[in-house]
Amino acid sequence: MGHCNARARERICPDSGMAHVVRTGVAENLWVCIDCGGRQPAEGSCIGCQHEMTLDTRDEQVRELMRDVDERLARQRESRYRFLGVLVGMTVIFGAWMVPGYWGLRGRLYPGLPIFADQWIFMALIGLGLSKVLDKYVGKKRFPYLDLNLKIVD
Ligand SMILES: [Zn+2]
């Protein structure tokens, strides 16, 4: 990569594959709405959600705020999904207890552990799996165009 500095990479080395493809909209839509993540070309109230103000993404503090908001939302989502996962895991396993033959599998298909630990492990696994799936497919960032280095990339 040596001779390709980041700024010139896309122009000089279009085949490097490392360049972020910067859409022309980036330079024009400098104003961001903290409430909905919408971007627009001019200062003022948000076109998307009528929030009364938009902030200048050229300001690093604004980009830090965007990151903080997304982190807070991610934490909220995570705990919501975890709660939902536990609920579903318990429902599934409690439901399975009612299924004839279910207890017959215990000790044959899998070892039965003391104090029904095996059942609790199943619930936890279902819960964990579900919360991961939800996080992957349902969880959306408000500012997906902000990368880890606080750069606007899309
Ligand atoms: Zn908005």
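The model is predicted, so local features are given only at pLDDT of at least 70 and side-chain atom pairs count only at pLDDT 80 or more, while totals for chains, interfaces and linings use all residues. Residues are numbered from 1 along each chain as its sequence is written. The protein chain holds five helices and three strands, where helices (H or I, at least four residues) and strands (E, at least two) are DSSP runs numbered from the N terminus.

**Overall layout**
- Read from the N terminus, the elements follow the order α-α-β-β-β-α-α-α.
- Of the 154 residues in the protein chain, 12% are buried, a residue being buried if 20 or more other C-beta atoms lie within 10 Å of its own, exposed if 12 or fewer, and partly exposed in between, with C-beta atoms placed from the backbone.
- Among contacts between residues at least 6 apart in sequence, 48% join residues at least 24 apart, a contact meaning that the C-beta atoms, placed from the backbone, lie within 7 Å.

**The sheet**
- The three strands form an open sheet in the order β2-β1-β3 with antiparallel pairing, and two strands count as paired if DSSP finds at least two bridges between them.
- Because β2 (39-40) and β3 (55-56) stand at the edges with a single partner strand each, one side of each has no neighbour in the sheet.
- Strand β1 (residues 31-32) pairs with β3 in the antiparallel sense over two bridges, and Trp 31 stands opposite Asp 56 in β3.

**Helices α3 and α5**
- The axes of α3 (residues 60-97) and α5 (residues 117-137) come within 7 Å and cross at roughly 140°, the axes being lines fitted to C-alpha atoms over the stretch in contact, with angles running from 0 to 180 degrees between N-to-C directions.
- That angle makes α3 oblique to α5, since angles under 35 degrees count as roughly parallel, over 145 as roughly antiparallel, 65 to 115 as roughly perpendicular and the rest as oblique.
- Residues of α3 that meet α5 include Tyr 81, Leu 84, Val 88 and Ile 93, and their counterparts in α5 include Phe 122, Met 123, Ile 126 and Leu 130.

**Ile 121**
- Ile 121 lies in helix α5 and counts as partly exposed because it has 14 C-beta neighbours inside 10 Å.
- The C-alpha atoms of Ile 121 and Gly 89 are separated by 9.7 Å, although these residues are 32 residues apart along the chain.

Technical notes. Contact = placed C-beta atoms within 7 Å.
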